[in-house]
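Hello,

Here is the structure for your files. My notes on it follow below.

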Number of protein chains: 2
Amino acid sequence: MTAKIIDGKKIAQKITDNIKEQVQKLDKKPCLAVIIVGENPASKVYVKNKSKKALEVGFKSIIKELKESTTKEELLEVIEELNSNPDVNGVLLQLPLPKHLSEKDFLDKINPIKDVDGFNTYNAGKLFKGEKPYAIPCTSKGVINILDKENIEIEGKTAIIIGRSNIVGKPVADLLLKRNATIIQAHSKTKNLQELTKLADIIVSASGVAGLIKKDMVKKDAVVIDVGIIRDKNNKLRGDVEFDEVKEIASFITPVPGGVGPLTIANLIENTYELFLLQNKA
Amino acid sequence: MTAKIIDGKKIAQKITDNIKEQVQKLDKKPCLAVIIVGENPASKVYVKNKSKKALEVGFKSIIKELKESTTKEELLEVIEELNSNPDVNGVLLQLPLPKHLSEKDFLDKINPIKDVDGFNTYNAGKLFKGEKPYAIPCTSKGVINILDKENIEIEGKTAIIIGRSNIVGKPVADLLLKRNATIIQAHSKTKNLQELTKLADIIVSASGVAGLIKKDMVKKDAVVIDVGIIRDKNNKLRGDVEFDEVKEIASFITPVPGGVGPLTIANLIENTYELFLLQNKA
């Protein structure tokens, strides 16, 4: 028996369809503002997709395109303007920034209640403490969506998270810990990865190393969530997991593309909507 | 060969001796303010010990004793007063609070740069992100002090942390992760504890379950740090670890009492001193 292949597109569609339906009933519409600095072509595509999805569900969308040479002061001013604009509910600073700007100088300047990516220190602290942040980083939320959608039990299970970024690895670990999983957090300095992955009921791989997770590293019937997304020499998208062989042994597996990926934008939309509700409740 | 028994008192003494020496050279003296609400006898002893140690190293010490029936507004006012007093460098709210007060309403009101316990959300977020908080929770810092003092390698090692409190379990995990250990975070819902502890080069136990860690759960030559402190039926202090049998197999072990305990106050003193320096640099 091979693993059930999880259709992330379908789960994402369900999330955004639901929000679209809610938004139709609203007089005032939620608004997502995205700031992009410079000409990074991949970033431009991401920003366009985010804006497109926002418009699709009936949100307002603002894109602030700033030139490559934008100064720290100029960028801070734009953030401040969006913070103080009562019509804007979510503010997203597209990363990476040009080299002369350091993201640390800006992420904490976004008002925590508009921090739609969940990257600022206050929201990270809430996650660390097991409390409810205003917003949870979108990709991490996607991992949990998948587990919940497929009714995969988390409590008491052993989950290994490979990778420790502030955007995926660490928030996923804290979210699963809060749900009472035992957590193994592995990374590039881990020496006995196979020994550890073999113990895991749930594997979440976010290493960015194509094909890192092979069949002989996976326990029978484990759930395998692939957060990697790497473009190989032949311009083909690949994940962290050797999909064809691992699906023979896992119980659930996400493909790349079409697994976790689509949930990132869906959760950005959901986060914007939730921030809108919070801001209009107060 | 039995384990080296780590003398936490000695390590603590070295830290406070060093600060005492530095403080003698200062014109202005660091000041630690402790707030205690109500009559919890254990809390009263802790507060007295903290104040005593602060005075010993040449700090000023303020104790704000508030009556059991203190209201939320009254406590917030005291915190605000200490926040705005330029002579106060560290503000500590002794926990637990009386039942009618919720610590969540107060910990974030302490100015992050005076948050000497490192419990507020901003400082927790810094820890989560692998950045430098203004202060790191004192007991967690003590665990790292011990490892460093004994020249125990952390990078690439597998460390299991048993317990996931915001005060010990979670900060220790993040501090060891930052130092490139592979982390296993276990807790009361963990089903295969022995399988996991057996893998670990470093065991940090903060479960509060007396005698949880037995010899057959420990890998030969593992480092065993016992953060538990439980008073048993015979009024004897015990740790999480079955000391007499585990010391036969571990390479390093901390006793209870006299292991991690003394480092908690020493790090409170060190945190106060570091906050003093930060505040007087700005």
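**Strand pairing in chain A**

In E7(A), Ile203(A) is the bridge partner of Ile160(A). Strands, like helices, are DSSP runs numbered from the N terminus (at least two residues of E for a strand, at least four of H or I for a helix). This is a predicted model, in which local features need pLDDT of at least 70 and side-chain atom pairs count only at pLDDT 80 or more, while totals for chains, interfaces and linings use all residues. Residues are numbered from 1 along each chain as its sequence is written, and chains are lettered from A and ligands numbered from 1 in the order in which they are written.

Strand E5 (residues 158-162) of chain A pairs with E7(A) in the parallel sense over 4 bridges; two strands pair if DSSP finds at least two bridges between them. E7(A) also pairs with strand E8 (residues 223-226) of chain A, again parallel and over 4 bridges. There, Ile225(A) in E8(A) is the bridge partner of Val204(A).

Strand E7 (residues 202-205) of chain A points Ile202(A) and Val204(A) one way and Ile203(A) and Ser205(A) the other way, and all are buried (20 or more other C-beta atoms within 10 Å of the residue's own, with C-beta atoms placed from the backbone).

**A helix contact in chain B**

Asn49(B), Lys50(B), Lys53(B) and Ala54(B) in H2(B) meet Ile265(B), Leu268(B), Ile269(B) and Thr272(B) in H10(B); contact requires C-beta atoms, placed from the backbone, within 7 Å.

Regards

Notes:
Two residues are in contact if their C-beta atoms, placed from the backbone, lie within 7 Å. A residue is buried if 20 or more other C-beta atoms lie within 10 Å of its own, exposed if 12 or fewer, and partly exposed in between; C-beta atoms are placed from the backbone.
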